[in-house]
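Please look over the sequence and the structure below before reading on.

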Amino acid sequence: TWAIADLGVTLFATLCFAAVLNLWRGGDRRWLIASAVFAGLALGTKYTAVLVVCAPAAAAIALRPPAPGGGPGHRKRALVEAALFGGIALALVSPWLIRNAVFAGNPLAPYFSSVSASAGEDATPGISEEMARRLPREGGTSALLAHYLTAPWRATMTRIGQGGYMGPAFLMLIPVLLLLRGLPSCAAPAVLMTATGCVAWAVSSQVVRYLFPLLPLAALLAAIAARRLPKLLSVPALAWSLGYNLFLFFFLIETIGPLRVVTGAETADDYLARRVT
């Protein structure tokens, strides 16, 4: 119910990750440029893309294995290409940064502005304050550690922040990959990018919809796992996850209430006033 701009980030992230997968499969530098362009567009859509799009893609580019007959110096070239990736992405988002600098005096506005979010309702938000409001208030270090380690589970099974529910249909099968051998070539970079993005998300604000850009990779990994599991395990798991997602879907439909407008139980004006204004 609160996907908003994160769907646009997910679109560009999917294209970015697809280009990175092609780069891992022996593609030339054109795939690197394509991945950087789409990462820059994702970052221009929302700042959170730096955590769940740019960082995972850069890690996969820097850590990809050498091509057959690649010769020495592969790791240095990979790091240079990761830096090139970052530079191109930054160039794509730079018009927005320049605009912010001109109109707000801060390229990263509204973040890192001089006014604290606690100063008033209309004040600009602070990153530290956004993160702190989701941290456990009691329990000390152990509670803080549990907060970070259990974040992926809570994101799939509960609602975190203004992000609605994501459901477990994809993420539930990813751990099965750890028990499998002889995986296809796309699995390693997909696991690397998904893990990097999840860690970056877990140590940040932990809003469920910020994870949406990683769902295409999660879907790919879940499909690999489901196809390689015995039917006695995969069919019940998929059936359960599908049923759970259907339950969430109808639960959210009832929460938003569009069917009441269609059936005449609520007027269109009342619905729009409740959902839009």
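This is a predicted model: local features need pLDDT of at least 70, side-chain atom pairs count only at pLDDT 80 or more; totals for chains, interfaces and linings use all residues.

Which helix gives the most to the lining of the second largest pocket? Helix α8 does, with six residues.

At least two lining residues come from α7 (151-157), and at least two from α8 (187-202). Sorted by class, the lining of this pocket has 19 nonpolar residues, two polar ones and no charged ones.

**The cavity**

Rolling a probe the size of a water molecule over the atoms shows where empty space is left. In this structure there is one cavity of 30 Å³ or more. The volume of the largest cavity is about 40 Å³. Around the largest cavity stand M166, L171, C198, L211, L214, L215 and A218. The lining of this cavity counts seven nonpolar residues, with no polar and no charged ones.

**The chain as a whole**

The protein chain contains twelve helices and zero strands. Its pattern along the sequence is therefore a run of α elements, α-α-α-α-α-α-α-α-α-α-α-α. Of the 277 residues in the chain, 37% are buried. Among contacts with a separation of 6 or more, 66% are between residues 24 or more positions apart. The accessible surface of the chain is about 15500 Å², and carbon and sulfur atoms account for 69% of that area.

**Salt bridges**

How many salt bridges does the count come to? The count is five. The table gives three of these pairs, with the distance between nitrogen and oxygen.

| Pair | N to O distance |
|---|---|
| K46 and D6 | 3.0 Å |
| D28 and R30 | 2.9 Å |
| E81 and R64 | 2.5 Å |

The salt bridge between K46 and D6 has its closest N and O atoms 3.0 Å apart. This pair links distant parts of the chain, with K46 in the loop between α2 (29-45) and α3 (49-63) and D6 in helix α1 (residues 6-24), 40 residues apart. Both K46 and D6 are buried.

In the bridge between E81 and R64, the N to O distance is 2.5 Å. E81 belongs to helix α4 (residues 74-104) and R64 to the loop between α3 and α4, so this bridge ties together parts that are 17 residues apart in sequence. E81 is buried, and R64 is buried too. Elsewhere, salt bridges with shared partners join D6, K46 and R209 into one network.

The side chains of D28 and R30 also meet in a salt bridge. R30 counts as exposed because its relative accessible area is 63%, and the cut-off for exposed is over 50%.

T10 is part of helix α1. Its relative accessibility is 14%, so T10 counts as buried; the limit for buried is under 20%. Apart from neighbours within four places in sequence, T10 makes contact with F212, P213 and P216.

S241 sits in helix α10 (residues 231-256). S241 counts as buried because its relative accessibility is 2%. Which residues does S241 touch, not counting residues up to four places away in sequence? They are A169 and M172. F170 is 71 residues from S241 in sequence, while the C-alpha to C-alpha distance between F170 and S241 is 8.2 Å.

S94 lies in helix α4. With a relative accessible area of 23%, S94 is partly exposed. S94 and L43 are separated by 51 residues in sequence and by 10.0 Å in space, C-alpha to C-alpha.

Methods: Residues are numbered from 1 along each chain as its sequence is written. Side-chain values use heavy atoms; hydrogens and water are left out. A salt bridge is a side-chain nitrogen of Lys or Arg within 4 Å of a carboxyl oxygen of Asp or Glu. Helices (H or I, at least four residues) and strands (E, at least two) are DSSP runs, numbered from the N terminus. Buried means under 20% relative accessible area, exposed over 50%, partly exposed in between (1.4 Å probe, protein chains only). On a 1 Å grid over the protein atoms alone, a cavity is a set of points where a 1.4 Å probe fits but cannot get out, and a pocket is an open set with protein on both sides within 12 Å along at least five of seven lines; lining residues have an atom within 4 Å of a point. Grid points are joined across faces, edges and corners, and a volume is the space filled by probe spheres set on the points. Ala, Val, Leu, Ile, Met, Phe, Trp, Tyr, Cys and Pro count as nonpolar, Asp, Glu, Lys and Arg as charged, and the others, Gly among them, as polar. Contact means heavy atoms within 4.5 Å. Accessible areas come from the Shrake-Rupley method with a 1.4 Å probe; for residues, only the protein chains shown count as cover.
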